[in-house]
Amino acid sequence: MSAWRPIRISSTCALDANGNGTDSSVIQAIFTAILLKNKYNIRVLNLSLGRPVFEPAYRDPLCLAAEAAWKAGIVVVVSAGNGGRDNSQGTQGYGTITAPGNDPYVITVGAMNTRGTTDRSNDVMASYSSKGPTTFDHFAKPDIVAPGNKIVSTLPAGLTLSNEFPQNQVSPDFFSLSGTSMATPVASGAAALMLQQNPALTPDQIKARLMRTATKKFPQFSVAVDPDTNIPYTTYNDIFTVGAGYLDIRAAMNDTVVSSGYALSNSNPGLERSDFADRR
Amino acid sequence: MLSPTAILDSSGQISLTGVDGQNVVWGNRSSVSDMTQIVGEP
């Protein structure tokens, strides 16, 4: 048995203490990660953030920064957004993927609700998870979905959220949050495990394996009732809601298929990466 | 021939210098936020 390399976590400052930032602050954080890639062996970049889409991905500064990281050999994992209940445009939450999750290179992650159990058979989509296709480009997003509802994780000292929402604190050192922000690092962790096992994998191969091995079995639809408003939300588990499926880390780790080429999220059959590049 | 030039400043504003040489504000890019929900689903 060979000794596995440890996984280390580094962070660069993209958002402020209230979880807000600008395109420039996020781009700066991404470029910092690219600059430090070799120094700290940065292989995965988790972006649990987003903003509305204003233009096609190929000319969006935020998407271009994410693509730059991808092309530098970093797996970029991005939250899909929490607009799945948004019907302000009459789309029932479709077309609400945020940027840079609308970029065809990156791995875009939606949120599942595990209902507090380890049994996957009762898991359902979180109704707030944003749905594709992406606006302007019509890319099929999200790429995968992962647990993101009521996720208990470590609580940094002095976290603004813990002061404002003490009811979410489950112990002095742990805090519960929901959203695609929580689902994204689950997928990032899966990518890190895959790279720990095989450091030679490329971002495209990681994305292809995660999507290929994701569980495809879903009920046709699920209904979630908002605990505050009692409003029911019906979620249909189509490709624009669950993407390629529910993250299966063990299956992804056991996958030995080495794909060639690229793993762009598709917008229409036959679209190749070169076609996308030609549009720039 | 002049072409449009976009400049992203440190405050997140993007300015576009149009082909006529005039600066116009293209869009306010100060709206990035985390994708966290305080209240989850049952």
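Select A:S171 first: its bridge partner in β10(A) is A:F174. Strand β10 covers residues 174-177 of chain A, and β9(A) pairs with β10(A) in the antiparallel sense over two bridges. Helices (H or I, at least four residues) and strands (E, at least two) are DSSP runs numbered from the N terminus, and two strands pair if DSSP finds at least two bridges between them. This is a predicted model, in which local features need pLDDT of at least 70 and side-chain atom pairs count only at pLDDT 80 or more, while totals for chains, interfaces and linings use all residues. Residues are numbered from 1 along each chain as its sequence is written, and chains are lettered from A and ligands numbered from 1 in the order in which they are written.

Now widen the selection to the sheet. Three strands of chain A form an open antiparallel sheet in the order β8-β10-β9. Its edge strands, each pairing on one side only, are β8 (151-154) and β9 (169-171) of chain A. On average, neighbouring strands here are turned by 35° against each other, direction ignored.

Next, colour by chain. Contacts (C-beta atoms, placed from the backbone, within 7 Å) link 34 residues of chain A with 19 residues of chain B. On the chain A side, the elements giving two or more residues are β1 (20-21), α1 (23-35), β3 (49-50) and α5 (180-197). Of these, α1(A) gives the most, with three residues. This side of chain A has 12 nonpolar, 18 polar and four charged residues; Ala, Val, Leu, Ile, Met, Phe, Trp, Tyr, Cys and Pro count as nonpolar, Asp, Glu, Lys and Arg as charged, and the others, Gly among them, as polar.

Select A:N20 and B:S33: they are bridge partners, the latter in β4(B). β1(A) pairs with strand β4 (residues 32-34) of chain B in the antiparallel sense over two bridges. Chain B itself has zero helices and four strands. Of its 42 residues, 19% count as buried, that is, with 20 or more other C-beta atoms, placed from the backbone, within 10 Å of their own.

Return to chain A and select α1 and α3. The two helices pack at an angle of about 10°, with their axes 9 Å apart; axes are lines fitted to C-alpha atoms over the stretch in contact, and angles run from 0 to 180 degrees between N-to-C directions. α1(A) and α3(A) are therefore roughly parallel (under 35 degrees). Residues making the contact include A:V26, A:I30 and A:I34 of α1(A), and A:L62, A:A65 and A:A69 of α3(A). By class, the contact has 12 nonpolar residues, no polar ones and one charged.

Which residues touch the most other members of the largest nonpolar core? Select A:L45, A:A66, A:V76, A:V77, A:V145 and A:A187, out of 61 residues in that core. A nonpolar core is a set of buried Ala, Val, Leu, Ile, Met, Phe, Trp, Tyr and Cys residues joined through C-beta atoms within 7 Å. α5(A) gives the most to this core, with nine residues. Centre on A:V77, whose contacts beyond four places in sequence include A:L45, A:I107 and A:A187.

End at helix α6 (residues 203-213) of chain A, which is largely enclosed by the rest of the structure because eight of its 11 residues are buried. Among the buried ones are A:I206, A:K207, A:R209 and A:L210. Their cover includes α3 (61-71), β4 (75-79), β5 (107-113), β7 (144-147), α5 and α8 (249-254) of chain A.

Notes: A residue is buried if 20 or more other C-beta atoms lie within 10 Å of its own, exposed if 12 or fewer, and partly exposed in between; C-beta atoms are placed from the backbone. Two residues are in contact if their C-beta atoms, placed from the backbone, lie within 7 Å. Angles under 35 degrees count as roughly parallel, over 145 as roughly antiparallel, 65 to 115 as roughly perpendicular and the rest as oblique.
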